[in-house]
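Student: I have just opened this structure and would like a guided tour. Could you take my questions one at a time?

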Amino acid sequence: MRNSVAAFMIIGALVATGCNPILRTHGYVPTQDAKPQEINPSTDTKASVLASLGSPSVEGTFDEDVEQDTWYYINQVRERYAYLRPQVQEQTITAISFNADGQVTKVAEYGIEDRRVVNYENRETPTRGRELSVLEQVFGTIGRIPTDRIGGGNQDVPGGGPN
């Protein structure tokens, strides 16, 4: 009787630990000293932002000739239960915009409530022609091999075999 109670308690403990969520933080993790929200548009520049926050998660443009450049600092917390797909619980995107001189012009913060859901279409694009079966693909080249390329007919081909 005691063995069955102990086994039941062990199984119960294993099941209970399997139901605990696993939280993972992805992307930029702000520190106590450097938070993207503390960037001041009137005084900060690209150099000061890079020195205090480090490299951005994503840059809006890669072209140096663009009038305005935007850096994005993205932080995401995902929650996962056992074998289920992870779900995004928290998301913070801080967009820091710069003018052509490298001066900060705007700091905007977006949360998970600001995101947009994009529905992907599952349909396939039709192609011209017809689909070949496996047998047609395997046996379709029989009789189509050029005979002048077999044997000694490859002397004119670069890298062809010796005479």
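Student: What percentage of the 163 residues count as buried?
Tutor: This is a predicted model, where local features need pLDDT of at least 70, side-chain atom pairs count only at pLDDT 80 or more, and totals for chains, interfaces and linings use all residues. Residues are numbered from 1 along each chain as its sequence is written, and side-chain values use heavy atoms, leaving out hydrogens and water. Buried means under 20% relative accessible area, exposed over 50% and partly exposed in between, with a 1.4 Å probe and protein chains only. Of the 163 residues in the chain, the buried share is 17%.

Student: Which pattern does the chain follow along the sequence?
Tutor: Helices (H or I, at least four residues) and strands (E, at least two) are DSSP runs, numbered from the N terminus. The chain has three helices and five strands. Read along the sequence, they give α-β-α-β-β-β-β-α.

Student: How many aromatic pairs does the rule count?
Tutor: Rings of Phe, Tyr and Trp (its six-membered ring) pair if their centres lie within 6.5 Å; planes under 30 degrees apart count as stacked, over 60 as edge-to-face and the rest as tilted. By this rule, the number of aromatic pairs is two.

Student: Why is the pair of Y28 and Y73 called edge-to-face?
Tutor: The ring centres of Y28 and Y73 are 5.1 Å apart. Their planes stand at 70°, so the pair is edge-to-face.

Student: Where do Y28 and Y73 lie, and how many residues apart are the parts they tie together?
Tutor: Y28 is in the loop between β1 (22-27) and α2 (46-53), while Y73 is in strand β3 (residues 69-80). Both Y28 and Y73 are buried. The pair therefore ties together parts whose separation in sequence is 45 residues.

Student: Which kind of pair do W71 and F98 make?
Tutor: W71 is buried, with a relative accessible area of 7%, and F98 is buried at 0%. The ring centres of W71 and F98 are 4.8 Å apart and their planes are at 65°, so the pair is edge-to-face.

Student: Which residue lies over the face of F98?
Tutor: A charge sits over a ring if NZ of Lys or CZ of Arg is within 6 Å of the ring centre and within 35 degrees of the ring normal. At 5.7 Å from the ring centre of F98, the residue is K46.

Student: In β3, what is the bridge partner of H26?
Tutor: Two strands pair if DSSP finds at least two bridges between them. Six bridges join β1 to β3, and the two run antiparallel. The partner of H26 in β3 is Q76.
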